[in-house]
Amino acid sequence: MNHNKKIIKHQTNISLNKLKNNNIDFIEKFISSDKYKSQFFNNRNRIYTQQKTLSMFISQSINQDGSCQNVVNKLALNRDEKTSISTSGYCKARNRLSTSIIKNLTKDIAQKNEEKIDKNWRFRDRNVYLIDGTTLTMPDTEKNQKEYPQSKTQKDGLGFPICRIVSIISLATGLIIDANIGKYSGKETGEQALLRTMLHNFKKGDIVLADAMYSTYTLLSYMIEKEVTIIFVQNGARSRKIDFTQGEILNRNDHIITINAPKNIPSWMSQQEIDKLPKELKIREINIFGKILITTMLCSETT
């Protein structure tokens, strides 16, 4: 493990231990504050209010013993009133939690933290975001199989439902600014499709980092139009054909080139979007320690 990984692991352990060493009330008080309580509703007086259920769920997720029984036992021990240690009530309450509430709360907390961070944490007072995607397996329920089918390469009954998730992460706070979940495969289920509904999060002056999955002409043109700076890994097929003796040479293995709009326009684009697409774009290609990156930072003296 290198030095940076050790530091990251140490910081992660500190954060988790602070949460683990606080009882359930710590998280519940936080999300029940005037700032967030409007996002919750409770139809009648319950032991498992939405705030308490969510705070128990968070506690369950970060503890080594992540069982429902463990978190219910802790609740019973901390309550003055006699409380059943049956997990039935908690499990039902957890199923009633709205995913939209959790998503909105996550985004709200991330946004408020983003507004409070010291400007020294930013790159030249600019926000830096990371886009990344992954796939997750889900509990093998009939509902999940219907909404998030398993891989077609596996026989029915032998695989788990799979979902695809794409997140926008703040590099300064490490918090998820926004996320989108979709099916693993099928029309409009790729990482680019999931990202399109979240592009409103980026503002003029922001810097966005991503891998080669996102280095497409349509996304580049959108970012340039909105004056959002990108630093993406170059597409593998394109990176093998790069000739740094061509274009506007800035330095060794560093140049600016002009790329033309693709002949095959994506089917998801409307005619209005197609008409707005520029005929060509200027981008910078640079080799950093053997990795070919593309960026819209065209001035070599300021980057």
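**Entry 1**

I began with Phe202, which, once neighbours within four places in sequence are left aside, is in contact with Tyr129, Ile131, Ile168, Leu195, Val208, Met223 and Val228; contact here means heavy atoms within 4.5 Å. I note at once that this is a predicted model, in which local features need pLDDT of at least 70 and side-chain atom pairs count only at pLDDT 80 or more, while totals for chains, interfaces and linings use all residues. Residues are numbered from 1 along each chain as its sequence is written, and side-chain values use heavy atoms, with hydrogens and water left out.

I then looked up the largest nonpolar core, which has 27 residues, and found that Ile131, Leu195, Phe202, Tyr214, Met223 and Phe232 touch the most other members. A nonpolar core is a set of buried Ala, Val, Leu, Ile, Met, Phe, Trp, Tyr and Cys residues joined through side-chain atoms within 4.5 Å, and buried means under 20% relative accessible area, against over 50% for exposed and in between for partly exposed (1.4 Å probe, protein chains only). Two or more residues of this core come from each of strand S1 (128-137), strand S2 (162-170), helix H8 (191-196), strand S4 (207-210), helix H9 (217-225), strand S5 (229-233) and S8. H9 gives the most to this core, with four residues. Apart from this core I found another, of eight residues, including Met56, Cys68, Val72 and Leu75.

**Entry 2: the overall count and the sheet**

I counted 11 helices and nine strands in the protein, taking helices (H or I, at least four residues) and strands (E, at least two) as DSSP runs numbered from the N terminus. Of the 303 residues, 35% count as buried. Among the contacts with a separation of 6 or more, 56% are between residues 24 or more positions apart.

The nine strands form an open sheet with mixed pairing, in the order S3-S2-S1-S4-S5-S9-S8-S7-S6, where two strands pair if DSSP finds at least two bridges between them. Strand S3 (176-183) and S6 are the edge strands, each pairing on one side only. From one strand to the next the twist averages 25°.

S5 and strand S9 (residues 291-295) pair in the antiparallel sense over three bridges, and the partner of Ile231 in S9 is Thr295. S7 (residues 254-260) and strand S8 (residues 280-288) are antiparallel over seven bridges, with Asn260 opposite Glu280 in S8. Strand S6 (residues 248-251) pairs with S7 in the antiparallel sense over three bridges, and the bridge partner of Glu248 in S7 is Ile256. Two residues lie between the strands of this S6 and S7 hairpin, where Asn253 takes a positive phi near 55°.

**Entry 3: two buried sites in the strands**

I looked up Ala210 in strand S4, which counts as buried at 8% relative accessibility. Not counting residues up to four places away in sequence, Ala210 touches Ile131, Ile231, Phe232 and Val233. Ala210 and Ile230 are 20 residues apart in sequence and 8.0 Å apart in space, C-alpha to C-alpha.

Thr229 lies in strand S5 and is buried, with a relative accessible area of 10%. With residues up to four places away in sequence again left out, Thr229 touches Arg126, Asp206, Ile207, Val208, Thr295, Thr296 and Met297.

**Entry 4: helices on the sheet**

H9 lies across S4, S5, S7, S8 and S9, running at about 100° to S8; axes are lines fitted to C-alpha atoms, for helices over the stretch in contact, and angles run from 0 to 180 degrees between N-to-C directions. The buried residues of H9 are Tyr217, Thr218, Leu219, Leu220, Ser221 and Met223, and what covers them includes H8, S4, S5, S7, S8 and S9. Just after H9, Glu227 takes a positive phi of about 60°. Helix H6 (residues 99-116) lies across S1, S2 and S3, at about 150° to S3.

**Entry 5: the H3 and H4 pair**

Helix H3 (residues 50-62) and helix H4 (residues 68-78) pack at an angle of about 125°, with their axes 10 Å apart. H3 and H4 are therefore oblique to each other, since angles under 35 degrees count as roughly parallel, over 145 as roughly antiparallel, 65 to 115 as roughly perpendicular and the rest as oblique. I noted that Lys52, Met56, Ser59 and Gln60 of H3 make the contact with Cys68, Val71, Val72 and Leu75 of H4.
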